[in-house]
Amino acid sequence: MTTAKKRSRGRPRKFDVDVGVVQAQALFAGRGFDTVGMSEICETLGVTPTSLYAAFGNKLGLYTRAVENYANSTGRFVSAALAAATTPFEVWEKVLRASAEVYSSGDIKGCMVLNGALMSQDAEANALVAAQAEATQAAIAARLAELGDPDPKESAASILVLMRGLSVSARTNASRNDLDSVVDLVLLAKR
C-alpha cells in the first residue's frame, strides 16, 4: 500500500514566513506602522501582495507577528533582568541598565514596542503595542511584589516611564554613555 501525499491547492509559498516577519520587523521598528506601505513590504520580502495576504491576512496581521517576534527575541532582556534581580533595587538597576544597552545597540535604536505607540495613528496598531507594554509592566510589578517592594505597581509604572524615555533618547541619537548617565542618576536617587 502506498501513501500519497495530499497536495494543497494553489502554489506553494515561495518565501519563508519567519524570515519575512524578521524583515518586516526591521521596517516597522525603523519607521513605525503607518509609514511602511504594503508595496514596500512586498518588495522587501520579495513576495506578491496575494502571497503576503495569504500568509498574514493584512498589514496588521504582519505587524502583530513582528511585535510578537520582537517581544520573544530582543525584548527578552526584560525577563532575563527580572530573573537575575534578587532585590527590588536590583529590578530597577538590571532592567534600566539592560534597557540602556539594548536600546542603544544595533542598527535600529530604541524599542519597537515603546516607540511603536509614538509612531502610529492606527488604533489597532497602538492597542497592540500598548498591550505588550502593559504585559511588560505587569511582569515587572509581579517580580517587584515577589521581592517585597512596598508599592510594586507604582514602581513598575515608573520603570516603564524611564524605559520609554531611554528608548526615545536612544532613537534620537543619545549614546550609550548618555543613557547610562541617566540610569546612574535614577539609581542614585533610589538608594
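**Notes on a helical chain**

1. Helix H1 meets helix H2 through two sets of residues: Gly20, Gln23, Ala24, Leu27, Phe28 and Arg31 in H1, and Glu40, Ile41, Thr44 and Leu45 in H2. By class, the residues of this contact are 5 nonpolar, 3 polar and 2 charged. Contact here means heavy atoms within 4.5 Å. Ala, Val, Leu, Ile, Met, Phe, Trp, Tyr, Cys and Pro count as nonpolar; Asp, Glu, Lys and Arg as charged; the others, Gly among them, as polar.

2. Some ground rules come next. The model is predicted, with local features needing pLDDT of at least 70 and side-chain atom pairs counting only at pLDDT 80 or more, while totals for chains, interfaces and linings use all residues. Residues are numbered from 1 along each chain as its sequence is written, and side-chain values use heavy atoms, with hydrogens and water left out.

3. Now the whole chain. It has 10 helices and 0 strands. Helices (H or I, at least four residues) and strands (E, at least two) are DSSP runs, numbered from the N terminus. The C-alpha atoms fill a box of roughly 70 × 45 × 30 Å along the principal axes. Of the 191 residues, 41% count as buried. Buried means under 20% relative accessible area, exposed means over 50%, and partly exposed lies in between (1.4 Å probe, protein chains only). Among contacts with a separation of 6 or more, 69% join residues 24 or more positions apart.

4. Back to the first pair of helices. Two packed helices are described by the angle between their axes and the distance between the axes. H1 covers residues 17-31 and H2 covers residues 38-45. Their axes come within 9 Å and cross at roughly 135 degrees. That makes H1 oblique to H2. Axes are lines fitted to C-alpha atoms, for helices over the stretch in contact, and angles run from 0 to 180 degrees between N-to-C directions. Angles under 35 degrees count as roughly parallel, over 145 as roughly antiparallel, 65 to 115 as roughly perpendicular and the rest as oblique. The crossing of H1 and H2 is right-handed. A crossing is right-handed if the near helix is turned clockwise from the far one by less than a right angle, and left-handed if anticlockwise.

5. H1 has another partner, H4 (residues 59-72). The two axes come within 8 Å and cross at roughly 90 degrees. H1 and H4 are therefore roughly perpendicular to each other. H1 brings Val17, Asp18, Val21, Val22, Ala24, Gln25 and Phe28; H4 brings Lys59, Leu62, Tyr63, Arg65, Ala66, Asn69 and Tyr70. This contact has 9 nonpolar, 2 polar and 3 charged residues.

6. H5 (residues 77-84) packs on H6 at an angle of about 150 degrees, with the axes 8 Å apart. That makes H5 roughly antiparallel to H6. The crossing is right-handed. From H5 come Phe77, Ala81, Leu82 and Ala84; from H6 come Glu90, Val91, Lys94, Val95, Ala98, Ser99, Val102 and Tyr103. Their classes are 9 nonpolar, 1 polar and 2 charged.

7. Which residues have the most contacts inside the largest nonpolar core? They are Phe28, Tyr103, Ile140 and Met163, in a core of 57 residues. The largest share, 9 residues, comes from H6 (residues 88-103). A nonpolar core is a set of buried Ala, Val, Leu, Ile, Met, Phe, Trp, Tyr and Cys residues joined through side-chain atoms within 4.5 Å. Not counting residues up to four places away in sequence, Met163 touches Phe77, Val78, Val95, Leu96, Ser99, Tyr103, Leu114 and Ile140.

8. Is Gly110 buried or exposed? Gly110 is buried, with a relative accessible area of 8%. It lies in the loop between H6 and H7 (112-116). Leaving aside neighbours within four places in sequence, Gly110 is in contact with Tyr70, Tyr103, Asn115, Ser167, Ala170 and Arg171.

9. Asn173 lies in the loop between H9 (152-171) and H10 (176-190). Asn173 is exposed, at 69% relative accessible area. Its phi is positive, about 75 degrees, although Asn173 is not a glycine. Asn177 is in H10 and also counts as exposed, at 58%.

10. Arg143 is found in H8 (residues 123-146). Neighbours within four places aside, Arg143 is in contact with Leu82, Ala83, Ala85 and Val91. Arg143 and Gly57 are 86 residues apart in sequence and 36 Å apart in space, C-alpha to C-alpha.
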